[in-house]
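Biologist: I'd like to learn how to read a model like this one. Could you take me through it feature by feature?

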Amino acid sequence: MDSLTSCRCGFFTRVLRLGYTILALSLMPLSGLAQSTAEHLRRSIEYAHDSEDREIAGAGLVAVNFLTRFYEARRFAPAWSQPHHVEQVVAALEGSYRHGLLPEDFHIDAIRLLQQLRREEPDDAGINANLDLLLTDGLVTYAYQLVYGKVDPRDLAPSWNLSRPLLAREPEEVLEQALAEGNLAEVLASLEPALPYYTQMQRQLATFRRLANSGGWSVIPAGATLREGDTGPRVTALRARLTAVDDEAKPAGSSSQLFDPALAKAVRRFQLRHGLKPDGLVGPATLQVMNITAAERVEQIRVNMERARWLRQEFGDMRDFVVVNTAGFHVRLYQEGAIEWETRAIVGTAYHQTPVFAADMKYIVLNPTWTVPRSIIRDEMIPQIKADPSYLASKGFDLVDASGRPVESNSVDWPAVSPNNFPYGLVQRSGPANALGRVKFMLPNAHAVYLHDTPSRELFARAGRTFSHGCVRIENPLELAALLLGDQPEWTRDAIEATVRRGETTTVFLTEPLRVFILYWTAEPAEAGGIRFYRDAYDRDGAVLAALNAPFRPLTSADR
């Protein structure tokens, strides 16, 4: 430690000591300074509960209601008299960064200071009481963030409807029992999400932190598109960038300045893992992604680990389900907890964003018709109909009245029609041109969002696939239908295709509803222990990161 750092640390310590002394004196009775630790605890909790001043040694208490219940049940006896329990809590709080959380949320600096003060004055009741309070408050805040997440998703996404974990017992009872039975370490470990996604992302967080702390990777200078056969210092920089996270990019018997086939293969592998077109060319889009820093990737991983914490209740015991990752443009079917099937997807545009929510898929419709949403009729179709009277017939649309009865198009005074004066509906007949394609998967929800086929097959070849009005179009819908109806012998793949060929609109119910999660993950584990990063197409990461890095708000009784 250099002298400047030493001076700063010493100054910081003196400031905290002074703050602690002033606060401790303000909480002591005028009749004398000698009190028991229990009496200090009682007075401090009552003071924090009844006033807006909730600071202890410079740290603001978060879970005052919990502290009140916990210590009242203990008759204000200190909780942390066993040194090994203190060590376990401090280790957990210090290690919270491994979850992408902030140790400062859990009072770690103030706890360290009070530990030092207690070593100097072990019998000081005020020091002991304040350390006890901060250890408890830090621990319950840490537990809350692990179980629920630091950020409330409902504050960021009004569509969020996933359930929050239900506690079988009051948290103060759990902590009291852990202290009494001496299994605090096991209880702390049980708080960590056990989702495979989460544990793999933890490893990636550690890897990218090491990269960031060691300087990350150098920026590849701007210039013309790099391709196989090129040579020069920009190729050297490209190889160094890829080698930082991909050992296979290291040269094998060739110059580091040569863009050889092995490097082209590494570029394509990078592109696949970053949602880019895997053409092996380092053009502007690929260069931009390559020059995102390791530190920025650390923050992206933190954001997505937070999103995973929001899901622990829903994913806890679930074995069969579907996940749509709108940021990654793919749909995955999980059976027995493992990925059984995957296909590419098209999702909503930036203006018509696909919301985040969960719903139960209940049935499949083969050869569906499409009832056009009023917003699409108003904003997009009326101008086309007025400009081209044959538009409805050419696209297979039927005009219907409010009761669903057919209306002859030539009976409508189209020049008088406007977006605010259109008392009709539009239904597109089933067939190859239908916007929903040959099959749709129904999961009733408030957003009228579902999964379906599409006649616009060419769009699946695009790297960025934000083209829909919010629904999820999937590339291989008949494969998914066959998998979901696999327990119904009469609905083989051949039977499904035969029904599609006949053109009959047919509804087939699943034997059991299947949970579908429509999520937004801009980072997720990849094969062979790697990681995939995706573009933040809906610009949602920033709000999560800002909330993650902001001071944690005090918990209320509603947060229990």
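Predicted model: local features only at pLDDT ≥ 70, side-chain atom pairs only at ≥ 80, totals over all residues.

Biologist: Where does Ala416 sit in the chain?

Modeller: Ala416 belongs to the loop between S8 and S9. Lys386 is 30 residues away from Ala416 in sequence, and their C-alpha atoms are 9.6 Å apart in space.

Biologist: Let's zoom out. How many helices and strands does the protein have?

Modeller: The count is 20 helices and 16 strands. Along the principal axes, the C-alpha atoms fill a box of roughly 95 × 70 × 50 Å. Of the 560 residues, 49% count as buried. If you take the contacts with a separation of 6 or more, 68% of them join residues 24 or more positions apart.

Biologist: Now helix packing. How do I describe a pair?

Modeller: Two packed helices are described by the angle between their axes and the distance between the axes. Here, take H14 (residues 294-309) and H20 (residues 541-549): their axes come within 9 Å and cross at roughly 85°. H14 and H20 are therefore roughly perpendicular to each other, as 65 to 115 degrees counts as such.

Biologist: Which residues make the contact?

Modeller: From H14 you have Glu299, Gln300, Arg302, Val303, Glu306, Arg307 and Arg309, and from H20 Asp541, Val544, Leu545, Leu548 and Asn549. Sorted by class, this H14 contact with H20 has 6 charged, 4 nonpolar and 2 polar residues.

Biologist: What about the length of a helix, say H16? How far apart are its end C-alpha atoms?

Modeller: They are 19 Å apart. H16 (residues 374-387) has 14 residues, which at 1.5 Å a residue should span 20 Å, so the two values agree.

Biologist: Where is the kink in H16?

Modeller: Look at Met381, where there is a kink of about 55°, shortly before the proline Pro383. Met381 is also one of the buried residues of H16, along with Ile376, Ile377, Ile382 and Ile385.

Biologist: What covers those buried residues?

Modeller: The cover includes strand S7 (370-371), helix H17 (391-395), strand S8 (397-400) and strand S9 (425-428).

Biologist: Which residues of helix H11 are buried?

Modeller: In H11 (residues 233-243), they are Arg234, Arg239 and Arg241, together with Val235, Ala237, Leu238 and Leu242. Among the elements covering them are helix H12 (261-272) and helix H13 (284-290).

Biologist: One last feature: backbone angles. What is phi of Ala57?

Modeller: Near 50°, a positive value in a residue other than glycine. Ala57 lies in the loop between strand S1 (55-56) and strand S2 (59-60). At 1% relative accessibility, Ala57 counts as buried, because the cut-off is under 20%.

Biologist: And His107: is it buried or exposed?

Modeller: Buried, with a relative accessible area of 6%. His107 is not a glycine, yet its phi is positive, at about 65°. You'll find His107 in the loop between helix H4 (83-94) and helix H5 (108-120).

Notes
Residues numbered from 1 in each chain as written. Heavy atoms only, no water. Axes fitted to C-alpha atoms, helices over the stretch in contact; angles between N-to-C directions. Helix = DSSP H or I, 4+ residues; strand = E, 2+ residues; numbered from the N terminus. Parallel < 35°, antiparallel > 145°, perpendicular 65-115°, else oblique. Contact = heavy atoms within 4.5 Å. Nonpolar A, V, L, I, M, F, W, Y, C, P; charged D, E, K, R; others polar. Expected span 1.5 Å × (residues − 1). Bend = angle between axes of the 7 residues up to and from the residue. Buried < 20%, exposed > 50% of the residue type's maximum accessible area, 1.4 Å probe, protein only.
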